[in-house]
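Please consider the following chain together with its model. The paragraphs below lead through its annotated segments, its strands and its salt bridges.

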Amino acid sequence: MANLLKEVYEKTSEHTAFYTGGDIHWTSDGGHFLCQCEDVIKVIDTNTLCNVLTIVVKYHPDVSKQIIFGAADDTKIRSWDCKSGQKTQNTALECPSLDKGDSYTQSEFLSRLAHECRYDRLLLPTYQTGDVVYVHASAYVYFIQPAEAHDLNFKLHFLLQLRWTDARLAYALYSPERTKIIGESDLRQRIWVPHLYMSNEQSSSLMGTDSKDVLISIAPDGEVLFSRRMQAVLYCWMNLQKFPFDDQTCSMNLESWKYNASILRLMWEKDNPVRLSSELHLTEYSLLDYWTNESVVRGDIVNMRLGGAGNYSALKFTFKLGREVGYYLMDYFIPSMMIVAMSWVTFWLQADASAPRITLGTSTMLSFITLASSQAKTLPKVSYIKASEVWFLGCTGFIFSALVEFAFVNTIWRRKKVVSLKKVNSKYILKSTLTPRLARKELQKELQESSPHLTKSRSCSSLQQETSSDPAGPGYNNYLTVHSFPSALNLPTITTQSYDELIAGQGGQRSAGSEGSDEPPKHHTWTTMTPQEIATWIDKRSRVLFPCLFIFFNIIYWTFVYCL
């Protein structure tokens, strides 16, 4: 087992590698061998395979091929002979003096202050007293870029500053004239720094060009100020039910990785824990509010969220963003309103103009679907319905209803027989047009059998214009004929009259009505309308009904968006 280790490598650039050249024995009565573990060497008992001593290589071999180690547990130097493998000397590890610290340069004084003999960067600043280490944090945010809604994240550029006190680094007694020690990444490698991580992080990195933007300053009383400039992409679980009139709340979560809350506590600075740059500008959003809070997070081995079990200190910086709707109004809502209004132009076209009405209806439908699909691409596929989808369904319903209205009036226009109506209103016109053809025939036959004698009271084209004397005029054969029949029978009939018979019938009716009693008998009157008149009547009402319904839909929709 002693042959398992043949070479030991010094990890620093100052020292060279060397070869052990044989077995290394710590004692004369028991065998041991060395095991390399990164920058330390462990002495392992060959019988029990237990770690006997952990040592750190301090010096390279001297000319006599002796290997000199420094023990990390009792700060003593142990020399080993490469040939015999025996311990040659055991001397105390000397620490460089801190006296007259003002006479040293910053690098020289720091190397003495943070020397391994008096400072271990792997240990907490309060490892001797067991007190809690308080780490105060502050942030300066100068860039926020919310990503597209389907990414559910945002990008943040900020300067994170941590402050804590390490009594081991206090140098006021040794260098009273030195006001501050400032360093970058090299100083970061010499001292203890708390390990924090962002729990909602997607990706992050330190910013910098030639070197990373890290700055550390040490005050004479041992107060350490650690600053680093970072960029991070953080998850933000958005609620898009009111998109694009939504407000989103996103946060940056900082948590301790290694030490639980009983050892290390994170705290925000009391004054201005988070500051925003005066040049911070957002495009799609506006910053409504922001706040900070401190909490404790439960960590366990089951979900592997943190390094181990226990309560871990955490910091949260939360900001509320409101989406700017100007873009969506100009590019989606107003164009969609115009497309819906364009579909109403078909109501001013004649009912038998199939080609233009179909072309206009289908083109508006396809244009709106194309407009809506461009907005839907920027949204994630969620299970709930969004406000933009409610608008899409409403506008699609109005455009589709205009197409259905054309199909309805075109079908009525192509009918050949007039329709009998009790009254000229929406109820009876729609009821008569929706009655099946077979039912209308049976109704007419029953009327003729039960009431063979019907007297014409008047006949005119009252819904369109006055009766023209020209048989070739536009009102020819388009008449409303009102019949009188006994009150016991309340059924309509359909009659056909020529123009001459109609004129003659009107004269006879007037002469017959002048004879008899002074009061006219009570009659039930029925009106007949041609299919063309019914189709035109429906188009005229649609010109008013559709805009009114769309205005009512807008009132309901915008009330829900801004008031609920």
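Over residues 390–413 the chain is 100% helix and 0% strand, with 35 Å between the end C-alpha atoms. Helices (H or I, at least four residues) and strands (E, at least two) are DSSP runs numbered from the N terminus. The model is a predicted one, in which local features need pLDDT of at least 70 and side-chain atom pairs count only at pLDDT 80 or more, while totals for chains, interfaces and linings use all residues. Residues are numbered from 1 along each chain as its sequence is written, and side-chain values use heavy atoms, leaving out hydrogens and water.

The UniProt record, an unreviewed entry, places the feature "transmembrane region" at residues 325–347, 390–413 and 544–562; its positions are given in the numbering used here, feature names are shortened, and annotations may be inferred rather than shown by experiment. Residues 325–347 are 74% helix and 0% strand, and their end C-alpha atoms lie 33 Å apart. Isoleucine 334 belongs to helix H3 (residues 326–342). Its relative accessibility is 37%, so isoleucine 334 counts as partly exposed; buried means under 20% relative accessible area, exposed over 50%, and partly exposed in between (1.4 Å probe, protein chains only).

The chain as a whole has nine helices and 24 strands, and 40% of its 564 residues count as buried. Among the strands, S9 (residues 133–146) and S10 (residues 153–165) pair in the antiparallel sense over 10 bridges; two strands pair if DSSP finds at least two bridges between them. These two strands, S9 and S10, form a hairpin with six residues between them, and leucine 152 in the turn has a positive phi of about 55 degrees. S10 also pairs with strand S15 (residues 223–235), in the antiparallel sense over 13 bridges.

Nine salt bridges are found in the whole structure, each a side-chain nitrogen of Lys or Arg within 4 Å of a carboxyl oxygen of Asp or Glu. One of them joins arginine 357 and glutamate 405 (3.1 Å, N to O). Arginine 357 lies in helix H4 (residues 354–376) and glutamate 405 in helix H5 (residues 387–413), so this pair ties together parts that are 48 residues apart in sequence. Arginine 357 is buried, with a relative accessible area of 1%, and glutamate 405 is buried as well, at 7%. Lysine 386 forms another salt bridge with glutamate 389, with the closest N and O atoms 2.8 Å apart. Here lysine 386 is buried at 4% relative accessibility, whereas glutamate 389 is partly exposed at 30%.
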